[in-house]
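User: I would like to go through this model with you, beginning with the ligand sites and then turning to the protein itself. Could you take my questions as they come?

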Amino acid sequence: MAKVKKIVKSITIDADKCNGCKACEVICSSWHATPRYSSNNPARSRIRIVRLPLKDIYLPVYAGEYTEAECTGRDKYIIDGKEYNECDFCRASCPSRDMFHEPDSGLPLKCDMCEDTPTLDKPKCVEWCLAEALIYVEREEEVEEDQPKLGDVEIGLGSMIDKYGMQQVLDTIARMAKP
Ligand code: SF4
Ligand code: SF4
Ligand code: SF4
């Protein structure tokens, strides 16, 4: 199978350095506003700070995948004597909490590494974190080129047939096969 080179982007979070200033939330929400910088609402940010000063907890969390349902079982972490709440480390846009939902529409928010502006040398939240709690790293990896497996094709076709019916799928394939 052919190998291709891929750039993997990651942000290392040094939670011990985070002071809870929320500058990352401010810049993320205003950078992604339309038009850019037209509003500033941390509820629209794709990074949020779990901020519990009484427990000395300041934990940056990035918005990840959308999930339709909350977990049936959850884990509680105690690290260095600090007890975190069950969902604190989770990146999901989940119905169980307000975080990572666009406040007006309710649509899920997800961090895109600021990829809508390829000229940036680092994501905006990293640039604005003066405490250096967010460290951006790019690395190159060789990965096998994705080839669709027969099983994947069958599952895809099966769901198209369920949705549109066998005849419509066959008609579409016949139309596409015509020179
Ligand atoms: Fe923490 Fe940095 Fe965000 Fe401030 S900008 S809250 S120090 S991660
Ligand atoms: Fe589970 Fe995360 Fe939802 Fe908490 S926020 S219920 S950990 S998916
Ligand atoms: Fe927002 Fe960009 Fe930071 Fe993701 S990387 S949280 S999109 S500023």
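Analyst: The answers below concern a predicted model, and they cover the ligand surroundings, a helix and several individual residues.

User: Let us start with ligand 1. Where does ligand 1 sit?
Analyst: Ligand 1 sits in the largest cavity.

User: What about ligand 2: which residues surround it?
Analyst: Ligand 2 has Glu70, Cys71, Arg74, Cys87, Cys90, Ala92, Cys94, Ser96 and Arg97 around it. In that shell, five residues are nonpolar, one is polar and three are charged.

User: Changing topic to helix α1. How many of its residues are buried?
Analyst: Seven of the nine residues of α1 are buried, so the helix is largely enclosed by the rest of the structure. The buried ones are Cys24, Glu25, Ile27, Cys28, Ser29, Ser30 and Trp31.

User: What covers them?
Analyst: The cover over the buried residues of α1 includes β2, α2 and β6 (134-144).

User: There is a glutamate in that list. How accessible is Glu25?
Analyst: Glu25, which belongs to helix α1 (residues 23-31), has a relative accessible area of 0%. Glu25 counts as buried because that value is under the 20% limit.

User: Which backbone atom lies 2.7 Å from a polar atom of its side chain?
Analyst: That atom is the backbone nitrogen of Ile49. Beyond its neighbours within four places in sequence, Glu25 is in contact with Pro42, Ser45, Ile47, Arg48 and Ile49.

User: What else does Ser45 touch?
Analyst: Not counting residues up to four places away in sequence, Ser45 touches Cys24, Glu25, Cys28, Ser29, Phe100 and Leu109.

User: Now the backbone geometry. Which residues does the cis peptide bond join?
Analyst: The cis bond joins Thr34 and Pro35, with omega at about -10°. Pro35 lies in the loop between α1 and β2 (47-52). Most peptide bonds are trans.

User: What is phi at Tyr37?
Analyst: Tyr37 has a positive phi of about 70°, although Tyr37 is not a glycine. Most residues other than glycine have a negative phi. Tyr37 is in the loop between α1 and β2, and at 48% relative accessibility Tyr37 counts as partly exposed.

User: And phi at Phe100?
Analyst: Phe100 is not a glycine either, and its phi is positive, at about 65°. Phe100 is located in the loop between β5 (82-83) and α2 (124-128). Phe100 is buried, with a relative accessible area of 0%.

User: On to strand β3. What does Val61 touch?
Analyst: Val61 is part of strand β3 (residues 57-62). Leaving out residues up to four places away in sequence, Val61 touches Arg46, Ile47, Arg48, Val50, Asp88, Phe89, Cys90, Arg91 and Phe100. At 4% relative accessibility, Val61 is buried.

User: How far apart in space are Val61 and Ile49?
Analyst: Their C-alpha atoms are 6.2 Å apart, while the two residues are 12 residues apart in sequence.

User: Lastly, Tyr58. What are its contacts?
Analyst: Tyr58 is also found in strand β3. Not counting residues up to four places away in sequence, Tyr58 touches Ala15, Cys18, Asn19, Gly20, Ile49, Val50, Arg51 and Pro53. The C-alpha atoms of Tyr58 and Lys5 are separated by 36 Å, and these residues are 53 residues apart along the chain.

How values were computed. Residues are numbered from 1 along each chain as its sequence is written. Chains are lettered from A and ligands numbered from 1 in the order in which they are written. This is a predicted model: local features need pLDDT of at least 70, side-chain atom pairs count only at pLDDT 80 or more; totals for chains, interfaces and linings use all residues. Side-chain values use heavy atoms; hydrogens and water are left out. A residue is near a molecule or strand if one of its heavy atoms lies within 4 Å of it. Ala, Val, Leu, Ile, Met, Phe, Trp, Tyr, Cys and Pro count as nonpolar, Asp, Glu, Lys and Arg as charged, and the others, Gly among them, as polar. Helices (H or I, at least four residues) and strands (E, at least two) are DSSP runs, numbered from the N terminus. Buried means under 20% relative accessible area, exposed over 50%, partly exposed in between (1.4 Å probe, protein chains only). A polar contact is a pair of N or O atoms within 3.5 Å; within protein, one must be able to donate a hydrogen and the other to accept it, and residues adjacent in sequence count only if both atoms are side-chain atoms. Contact means heavy atoms within 4.5 Å. On a 1 Å grid over the protein atoms alone, a cavity is a set of points where a 1.4 Å probe fits but cannot get out, and a pocket is an open set with protein on both sides within 12 Å along at least five of seven lines; lining residues have an atom within 4 Å of a point. A molecule sits in a cavity or pocket if more than half of its atoms lie within 2 Å of its grid points.
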